[in-house]
Structures are given as structure tokens and as C-alpha cells.
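Opening the notebook on this one. I want to go through the strands, then the surface, then the confidence.

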Amino acid sequence: MASQYPPSLRIHLPLLLLLLQVGFILIFLFFISYDHNNKEEDLAIYPALQDVNVMVVSGFAFLLAFLRRYGFSSTGFTLLLAALGVQWTVIVDGFLFNFSGGKVKINLQSILTAIMSVTAVLISSGAVLGKVNLLQLIWMAMVELTAFTVNRWIAVDILKIGNHESLMHVHLFGTYFGLMASWKCCHSLMPKLEKQRSQPVSDKFAMLGTLFLWVFWPTFNSALLKDGVEKGTAIYNTYFAIAASTLTAFSFSVATNSNGKLCMADIQTATLAGGVALGFPAPIIQHPWIAIVLGLLAGAISVAAVSLSQKCLESAIGIHDTRGVHYTFGLPSLLGGIVHVILIVIDNWENLSVLGYSALIKIGALSLSIAIGLVAGVTTGFSLKCKLWKAVPVKKYFDDQAYWEFPHLATGY
């Protein structure tokens, strides 16, 4: 059966992608070279790079594949955004952090940083999932990665936040950027389309993505830490936290369900809450029970916020959050940031000057990420409403058929 959708992207999409790739090639040609110093140290992070790469590309791709008729786009677009985003982030990050003598020196850590930064785009894409086309996603990714890298540069060079900690802001930034972009570019009062629902097969794919993320999250929270003790501590704490949030997810899912049954959506989101919440404080938590309590709180907040967050965002404010990134990533990350500040206050209680300065800097960095994410998201949302992007109408939201061939359509997809 032939597609009923007009091929509106036939010219615009290939042209945009080829222009971007040619632009990347020229920038790499004239400005970027490999840094071959410290080869052993550089190669030592390759296992972590592999873990994060699997987590970002496979984990997020399947996590977003929960919509019954949007599986092709969820997985396929994630791969494209990752491939595009890594190249662009290496360029922007290189010019801001590693530019000297007219050249940018890059190594495996540059690629690892870029892959971790792409997480912001994949989180944001969850908020606008199914409501924007590939052209809009590409533009959103370019703007967001630029804004996030600038945010990191301010945090590292001005606020003197560590490189690892600056990247842990990716959850907060991606969440609030995505929510604002959805608010401004997408219809908030949409009809309840059948295509917004999941089905058993799509839920299984989303659960597969959850499992990928669950397995590799300790690497994400420790990959950029230099100190061996801090790295080990972050790994231990993250494992305990995601284990606790998993148990909490199952417990609260049954308790909050009117039928007393498990909800697959709760399990897909709340099991990851512990890993998200540990992003900031993982290296400094010295007792495993603290990580377990934090994982428990993050899982509970994630499940409890599902219905409340949807009512507040969509009904009261007019923000439609397709994947629920607010309670999956935003709220747990905010909780982790607050706990991080509290732990710093406790550790420096006897030195008031260090206490006040450290707490102020951490709070300022959190506020900065949220503020830049909100402003950049609103601005990007406005720009995505331009007719140039060939946006799909509301009645054709959440449908792969707008973008993909379906030779098997007659079988009842």
C-alpha cells in the first residue's frame, strides 16, 4: 500500500544533511587534528567510551520506542542525532576548551565528552517525540548542543566546576530545553490520538532500552572522573542507587495502580531514577546507605510524579511531554543536585568560608543550567514553528508512515 503522506522532505532533508556533513569536513580539515600525547591514558578510557556509546545509541533508541506506530523513527532518528551530534559537539567543544595555535587537538576523551553531551538532545527529543519531523530535530540538536557546550564552558571556566560535574548537568539541561521546545513549537491541546498509546511489542522494546541504560549507567556516572578512588566510589554508589530505585519502582507502581498491577511505563522510567539522581553526588557519597536512600527517594518521586506532572504540565501550563522526561530525568536530577549541595554543606560545616562559597557555586551552576535550558528551549521552539521545516499536521503526529517506507503496511501494522 502506497504512503498517503507527501514526500515533503525529499529535497530539504538530503540537502541539509549533505551541507552539514560537508561543513563538518571543512572544519575538520582546516582546524582539527589528533592529539597523540598520553596515548596510554587516552586508550585507557576506550572501554568507558564503548559503554557510554552503547548506552546512548542503543539505550535511548529503544527507550523512546514505546509509541505503537513510531518505533522506526524513535530508533532511526536517535542514531542520526547521535552521529550528527558527536561531530558537532567535538567541533564546538574543541573551539571553546581546546583551541590553541589555530588548531583544535582532539582525543578519545573529546569523543567521550561529545557522546555524553548528545544525551541532552536525546532527552529533549523525548519531550517532542512524534510531534516534530527530522528537519526540526536536526535544527534542535544543533542549537541545543551549542547552548549546552556554552553552558559547560561557563560552568568550567568561570564557576570552576569540574569537567565531570559540568556534564552531569546534561539531564537538567536536556529536560527543560525539551519541555520549553515542546511548549512553543507543538500543539499543547492535542486530541487524544490512538497512536499516542503503546502496545505490548513497543513496551518490550522500551523495556529493552531501560535495561541497556540500567546496565551502563555506572559507567556514565564515572567515566570522566580522574581519581581512582572517586571513580570506584561513583560506580559503587550508582549500582546501589539504581538497585534501590528499581525496587521502589516495582513497589510504588503496584501501590499507585488502581488495579493493583504493575505499570510498564513506571518500570521503564523509575528504575533509571536512581542513576540520574546519583549524577552529581556519586563521587562524594562515602556510605552506601546514603546512595540507597537517594535511589529510593528518586524512584518514589519518579512514580509519584507521573500523574501529577502530566496534570500540571499539560492541563495547567500547556506543555505536552510525550515520553515524560520531566519525571524520568528532570526531577531525579534536581533531587540529586540538591543532595549534592547538602552533602557539601555537611562536609565543610566547620569551615564557613569554604562552606558558603562551595554551596553558592553549586547552586549557581544548577540554576545556570536550568535557566539556559529554558531560554534556549523557548527560542528554539519559536524557530521550529517556521514553515521552512515542513512540520507535520497534528492528525499525523506519532506516525512512522510520514517518514518511512512500509511495504508490510497491508499486514495491519
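**Strand pairing.** I started with S100, which stands opposite K103 in strand 3. I count strands as DSSP runs of E with at least two residues, and helices as H or I runs of at least four, numbered from the N terminus. This is a predicted model, where local features need pLDDT of at least 70, side-chain atom pairs count only at pLDDT 80 or more, and totals for chains, interfaces and linings use all residues. Residues are numbered from 1 along each chain as its sequence is written, and side-chain values use heavy atoms, with hydrogens and water left out.

Strand 2 and strand 3 run antiparallel, joined by 2 bridges; two strands pair if DSSP finds at least two bridges between them.

On to strand 1: it runs parallel to strand 3 (residues 103-106), with 3 bridges. I looked up Y34 and found I106 of strand 3 as its bridge partner.

I get an open sheet of 3 strands, order 1-3-2, with mixed pairing. Strand 1 (32-34) and strand 2 (99-100) are the edges, each pairing on one side only.

Which residues of strand 3 are on the covered face? They are V104 and I106, while K103 and K105 make up the uncovered face.

**Surface.** I found a nonpolar patch of about 660 Å², made by V22, L26, L29, F30, F31, F95 and F99. Areas are Shrake-Rupley with a 1.4 Å probe. Helix 1 (residues 12-31) gives the most, 5 residues. L26 sits in that helix and is partly exposed at 42% relative accessible area, between buried (under 20%) and exposed (over 50%).

**Confidence.** Mean pLDDT (predictor's confidence per residue, 0 to 100) is 89, with 92% of residues at 70 or more.

Definitions and conventions. Patches are made of residues with over 30% relative accessible area and no salt bridge: like charges are joined within 9 Å, nonpolar side chains (Val, Leu, Ile, Met, Phe, Trp, Tyr) within 5 Å. A salt bridge is a side-chain nitrogen of Lys or Arg within 4 Å of a carboxyl oxygen of Asp or Glu. Buried means under 20% relative accessible area, exposed over 50%, partly exposed in between (1.4 Å probe, protein chains only).
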